[in-house]
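This report describes one protein chain and how its parts are arranged. The sequence and the structure come first, and the description follows.

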Amino acid sequence: MIRISNAAKAIVGGVSAGAAAAVTAVQDQVVTSGETVTIVLAVLGALGITYAVPNRSATDRVTPGRGL
């Protein structure tokens, strides 16, 4: 199984959240200061939350049909 570090996971999460917010902001062909703040907060929020949540260890077992 491939192990992904928390930092790599957070970077990918931040980039994807920023990209989603940026695509939404560019729909009207103008990026306002409010939209810029939204993009920055989306990136920072995704970085912080994704970095704080630990990866599940390989020894944790999940019973099929029982959820996490």
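## Overall arrangement

Among contacts in the protein chain with a separation of 6 or more, 66% are between residues 24 or more positions apart. The model is a predicted one. The protein chain has two helices and zero strands.

Of its 68 residues, 12% count as buried.

## Helix H1

Helix H1 covers residues 6–25, which makes 20 residues.

The buried residues of H1 are Ala 10, Gly 13, Gly 14, Gly 18, Ala 21 and Ala 25. Seen down the helix axis, these buried residues fall within an arc of 125°, so they line one face of H1. In an α-helix there are 3.6 residues a turn, so residues three or four places apart point the same way.

## The two sides of H1

What do the buried residues of H1 pack against? They pack against helix H2, residues 33–52. The face of H1 turned away from its buried side carries the exposed residues Val 12, Val 15 and Val 23.

Val 12 is found in helix H1. Its relative accessibility is 57%, and because the cut-off for exposed is over 50%, Val 12 counts as exposed. The C-alpha atoms of Val 12 and Val 43 are separated by 9.9 Å, while the two residues are 31 residues apart along the chain.

## The loop between H1 and H2

Gln 29 is placed in the loop between H1 and H2. Although Gln 29 is not a glycine, it has a positive phi of about 70°. Most residues other than glycine have a negative phi. Is Gln 29 buried or exposed? At 71% relative accessibility, Gln 29 counts as exposed.

Val 31 also lies in the loop between H1 and H2. Its relative accessibility is 45%, so Val 31 counts as partly exposed. Leaving aside residues up to four places away in sequence, Val 31 touches Ala 25, Val 26 and Thr 36. One of these, Ala 25, is among the buried residues of H1.

Note on methods
Residues numbered from 1 in each chain as written. Predicted model: local features only at pLDDT ≥ 70, side-chain atom pairs only at ≥ 80, totals over all residues. Heavy atoms only, no water. Helix = DSSP H or I, 4+ residues; strand = E, 2+ residues; numbered from the N terminus. Expected span 1.5 Å × (residues − 1). Buried < 20%, exposed > 50% of the residue type's maximum accessible area, 1.4 Å probe, protein only. Arc of directions from axis to C-beta. Contact = heavy atoms within 4.5 Å.
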